[in-house]
Amino acid sequence: KSGLTVSDLWDESIPLSRRTLWNAKLNPIMMCADEDTKCPELNFSFFEWIQSLRDDVQLDACALQGLRQWKESKRIAVCDIRECVDSEAEAKYRSTISSVEVHQLSLAADCLVGQKHEPCSFGHLAGVCKLNAFKENPVIKRAFKALDNICYEAVDEGRFHILGRTFMVLSELLLTLWCSNDDKPQPSAA
C-alpha cells in the first residue's frame, strides 16, 4: 500500500536478525517552520500518510506527497537519538524528581482528566520554595508544566470543562505555595 521497503527503514549494514523499531530510521529531523519566532510551529502535515495507513484507506495525492517527503527527509532511529543525549545531565535531572512528586502530579492529572470529584493536593510542595524563587525551582516548574499540558490538551480536544477544573486546581496550587511561605495571606479589609 505505502510502497515502503526494508531499505527505507534500515541500513543494509544492520543484519536482518537485528532489525527492530529501536534501530529503524523512522524519525525525521524536522526544522521549525519559522525560526525567527520564539515559539515556532512545526509542520507535521507530511505525516498524514500514516493516518491513511492506519485507517486502511488508499493513499490520496496529498498522502503520497507526504510519504515522498518523509522518505526524502533525513531520518534517525531511536538508538541514534539516545546517542545524542547527555546521559549524565539526564540522570542528574531525573534525580531531582521524587517519587512523591511523580505520584502527586499523576493523581492530579488523573483527577482532572478523569473528571473525578476528589481533592488535588500539592502538599508535597509546601516548604520547597520561597515566593521569590518560583522561577528557579524545578519541582514547582514541573507542577505548573503538568497543569499547563492538561490545559493545552483540553483546549485541543474541546474539553473546556476540564480546562475550568484545571484552573481551579491551579488556584489550589498557588494557595499551597503562598501558605508554605512566611508571608501568610491576610484577610482583606471590607
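1. Let's start with a charged pair: the side chains of Arg159 and Glu157 meet in a salt bridge, at 3.6 Å from N to O. A salt bridge here is a side-chain nitrogen of Lys or Arg within 4 Å of a carboxyl oxygen of Asp or Glu. Arg159 is partly exposed at 26% relative accessible area, while Glu157 counts as exposed at 53%. For those labels, buried is under 20% relative accessible area, exposed is over 50%, and partly exposed is in between (1.4 Å probe, protein chains only).

2. Before going further, keep in mind that this is a predicted model, in which local features need pLDDT of at least 70, side-chain atom pairs count only at pLDDT 80 or more, and totals for chains, interfaces and linings use all residues. Residues are numbered from 1 along each chain as its sequence is written, and side-chain values use heavy atoms, with hydrogens and water left out.

3. The overall layout: the protein chain has 8 helices and 2 strands, in the order α-β-α-α-β-α-α-α-α-α along the sequence. Helices (H or I, at least four residues) and strands (E, at least two) are DSSP runs, numbered from the N terminus. Of the 190 residues, 26% count as buried. Take the contacts between residues at least 6 apart in sequence: 58% of them join residues at least 24 apart, where contact means heavy atoms within 4.5 Å.

4. Back to the charges. The structure holds 4 salt bridges. One of them pairs Asp8 with Lys71, with the closest N and O atoms 3.5 Å apart. Asp8 sits in helix α1 and Lys71 in helix α3, so this pair ties together parts that are 63 residues apart in sequence. Asp8 is buried, at 17% relative accessible area; Lys71 is partly exposed, at 30%.

5. Asp11 and Lys25 also meet through their side chains in a salt bridge (3.8 Å, N to O). Both residues are in the loop between α1 and β1, 14 residues apart. Asp11 is partly exposed at 38% relative accessibility, and Lys25 is too, at 22%. Asp80 joins in as well: Asp11, Lys25 and Asp80 are linked in a network of salt bridges.

6. Helix α3 is worth a look. The buried residues of α3 are Ala63, Gly66, Leu67 and Trp70. They cover an arc of only 100 degrees around the axis, which puts them on the same side of α3; the arc is that of the directions from the helix axis to the C-beta atoms. The face turned away from that buried side carries the exposed residues Ala61 and Glu72.

7. What covers the buried residues of α3? The cover includes α1 (6-9), β1 (27-28), α2 (48-54) and β2 (75-76).

8. Last one: Ile150, in helix α7 (residues 138-156). Ile150 is buried, with a relative accessible area of 8%. Leaving out residues up to four places away in sequence, Ile150 touches Ala109, Leu112, Val113, Ile162 and Thr166. Ile150 and Leu163 are 13 residues apart in sequence and 7.5 Å apart in space, C-alpha to C-alpha.
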